[in-house]
Amino acid sequence: MVTKKKTKKPRRVYIFDTTLRDGEQSPGASMTPEEKIKVAEQLERLNVDIIEAGFPAASPGEIEAIQMISKKVKKPVIAGLARMRKGDIDAACEALKFAKKKKIHVFLATSPIHRKYKLKMEKAEILDTVTKMITYAANYFDDIEYSPEDATRTERDFLAEVVKTAIAAGATAINIPDTVGYTLPEEFGTLIAYLVEKNPSLGKKVVLSVHCHNDLGLASANSLSAILNGANQVECTVNGIGERAGNASLEEVVMTLKTRQQVYHADTMINVGEIMKSSKIVSNMTGITVQPNKAVVGRNAFSHEAGIHQDGILKKRQTYEIMDPKDIGLTETRLVMGKHSGRHAFKTQLVRLGFDLNDQQVEKAFAAFKVLADRKKNIYDEDIEAIVQDQIAQSLSAWHLEYLKVNVETDKPPMAVIRIKKDSEERTSQSSGDGPVDACYKAIEKVTGVKAKLVDYSIHSVTSGKDALGEVSVKVAHGANEYSGRGASTDVIEASVKAYLVAINKILVKK
Ligand code: KIV
Ligand code: ZN
C-alpha cells in the first residue's frame, strides 16, 4: 500500500510593520501625512498583518495622519504606540477611532540601566505601572501589545515576571524588543525559549512578538532565531529603515522564511510580489536610498558580474540564485518605449509595472514621459518608475517648479532664476551662488522664506547612457529635524531643484 506522506502546514508568522513608526524615526525619514498614506496603501497591498502607523502622543499632526490612514486602509490592523501614561493611551484612542481593526502598543523599559537612569523606578513600580496601564488601556482596546523596552538587557527572571504581569492584566501580545541591537542570534533564541517555558501561553493564546534593531547587523538573524524558538510575530520595516542602524528588514525575514521553509516550517501571508515596489515607494517617500548590496531589494542583489557566475546563470539560473527575482516583483529591464509611443501603450506599461494611478495622474505622468522621450531615445522600466515616483513626490508637494533658468559663465558666479507655483499663486526669485545648484537653492530659500541647511546631496543615473535620467536625493536640516526630498530629470540641475523643493515643502507642512 502506498501511503501519502503528510506535509505539515507551516506555522503562521504575523508581520507587524513599523515602517511608519520606527522607520519614520530614522534621521531625515519624516513623511508628510500624504506620503504616509501612500506607504500605508502599499503596505496593505503587501498584505502585512499590522501597520504601526505612528506615535499618537508625538503631536496633533501625528494623530491626524493616523486617522487619515485608518480611514483609507481597512484590511490590516492599525496600531499606535504609547508610553505607559494615561495621556498617551488617550491620544492613541483618539488617533485610532476610525480604524476598522485597532491595536494599542504600550511600552515601558525594564532593564537596570533604564530603570535607574531614565525612569528612576524600582522593579515593583514597573510591575505596578504595567498592571495599571494595561488595565486602563483595556477600557478602550481589545487588542493590547506590551513591550518591555530594552528586554535583552533585562534580568531574565524579572523579564519573565513582567511578561506574566502584563498577560495577567490583559495583554494580548507580548513584544520582546532588542532596543539597542545588542543581542546575538543564539542568545536571543535561548531568551525566547526561556520566556515561553515560564509563560506557556506565549506564541499560542498570547502573540509572542520580537522587535530587533540592527546595530550589529543582526536584526534579521535575531528575529529568525526567535521564530525557531516560539515567536509568532516579527516587527520589521521595509528596507530595514529605523532608529539608528535600523530595524529587522521585512523583505529579509519574509524571504528567508520562504527560501528556507524546511528549516523554519513557518511562513507569512506577505504578498511577496509586492516587495520590490514596496521598497521603491518607501525609499521615495522617505528619501532614504537603498544600499546597492542590500539583501533582496538592493540594485545588485540579482546582478552577476563575474564571468563564471554569468556563465552559470545562463546555463541554469539556480546555480547562483537562491531566489527568483520575479517572485519579489523584479521585472527585467526591458526596452519599452520611445517618443512615438502613445498614451495607450504608456498606460499598459504603468499597469504592468504595478502602478494604480487615476486619470489625472496618468495624464501628468504621460506628459512627463513625452518630455523625457524628446530628450532620451530609449525609455526603460526604470525610467517610467522614476517618472511616476517623481510625479507622486511633486504632486504631494504644495510648491512646485514652474520655470528654471541657470546662467553659467566662466569667471562669473552662476545665476539662477526660479519661478514656483502653489495653486494659483506664483513667485519668482533669483540668486547667484558658488555653483549652479547653490544658486538655485539660494533662490528657493528667498522665494519660500525657508532657510535650511543642506546636509546630504547625492545623484545617481536611473539607467546607463549620457541621456539617462538623473535622480537627486537631498537631506536638509531645519531646527532639530531633518527632511528629505527626491527629484528626477534628464537635467540634473532641474532634478536638484525638484528634490530641494520637496524637502522645503515638508518643512512648510511641519511649520
Ligand atoms: O526599539 C524599541 O524598543 C521600540 C519599542 C517602542 C518597541 O521601538
Ligand atoms: Zn524600535
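In this predicted model, a polar side-chain atom of R21 lies 3.0 Å from an oxygen atom of ligand 1; a polar contact is a pair of N or O atoms within 3.5 Å, and within protein one atom must be able to donate a hydrogen and the other to accept it, with residues adjacent in sequence counted only if both atoms are side-chain atoms. An oxygen atom of ligand 1 also lies 2.6 Å from a polar side-chain atom of T179. For H211, the distance from a polar side-chain atom to an oxygen atom of the ligand is 3.1 Å. Ligand 1 taken alone exposes 260 Å², and the protein buries 93% of that area (accessible areas come from the Shrake-Rupley method with a 1.4 Å probe; for residues, only the protein chains shown count as cover).

The surroundings of ligand 1 consist of R21, D22, L81, H105, F107, S147, E149, N175, P177, T179, H211 and H213, where a residue is near a molecule or strand if one of its heavy atoms lies within 4 Å of it. Two or more residues of this shell come from each of the elements β5 (102-109), β6 (144-149) and β7 (173-178). Helices (H or I, at least four residues) and strands (E, at least two) are DSSP runs, numbered from the N terminus. By class, the shell contains three nonpolar, six polar and three charged residues; Ala, Val, Leu, Ile, Met, Phe, Trp, Tyr, Cys and Pro count as nonpolar, Asp, Glu, Lys and Arg as charged, and the others, Gly among them, as polar.

Buried means under 20% relative accessible area, exposed over 50%, and partly exposed in between (1.4 Å probe, protein chains only).

Side chains of opposite charge can pair when their charged atoms come close. The whole structure holds 31 salt bridges, a salt bridge being a side-chain nitrogen of Lys or Arg within 4 Å of a carboxyl oxygen of Asp or Glu. One of them joins the side chains of E155 and R115 at 2.9 Å, N to O. This pair links distant parts of the chain, 40 residues apart, with E155 in the loop between β6 and α6 (156-169) and R115 in helix α4 (residues 112-119). E155 is partly exposed at 25% relative accessibility, whereas R115 is buried at 10%.

A salt bridge also connects the side chains of D324 and R317, at 3.9 Å, N to O. R317 is partly exposed, with a relative accessible area of 25%. The side chains of K442 and D438 meet at 2.8 Å, N to O. K442 and D438 are about one helical turn apart, because four residues separate their positions in helix α16 (residues 436-448). K442 is partly exposed at 37% relative accessibility, and D438 is partly exposed at 25%. Elsewhere, salt bridges with shared partners join R21, D22 and E52 into one network.

Three further residues lie in loops. D49 is located between α1 and β3 (50-54) and is buried at 17% relative accessibility. The side chain of D49 reaches the backbone nitrogen of I15 at 2.7 Å. K120, in the loop between α4 and α5 (123-137), has a phi near 50°, a positive value in a residue other than glycine. K120 is exposed, at 63% relative accessibility. D150 likewise is a residue other than glycine with a positive phi, near 60°. D150 lies in the loop between β6 and α6 and is buried at 0% relative accessibility.

Residues are numbered from 1 along each chain as its sequence is written, and chains are lettered from A and ligands numbered from 1 in the order in which they are written. In this predicted model, local features need pLDDT of at least 70, side-chain atom pairs count only at pLDDT 80 or more, and totals for chains, interfaces and linings use all residues, while side-chain values use heavy atoms, with hydrogens and water left out.
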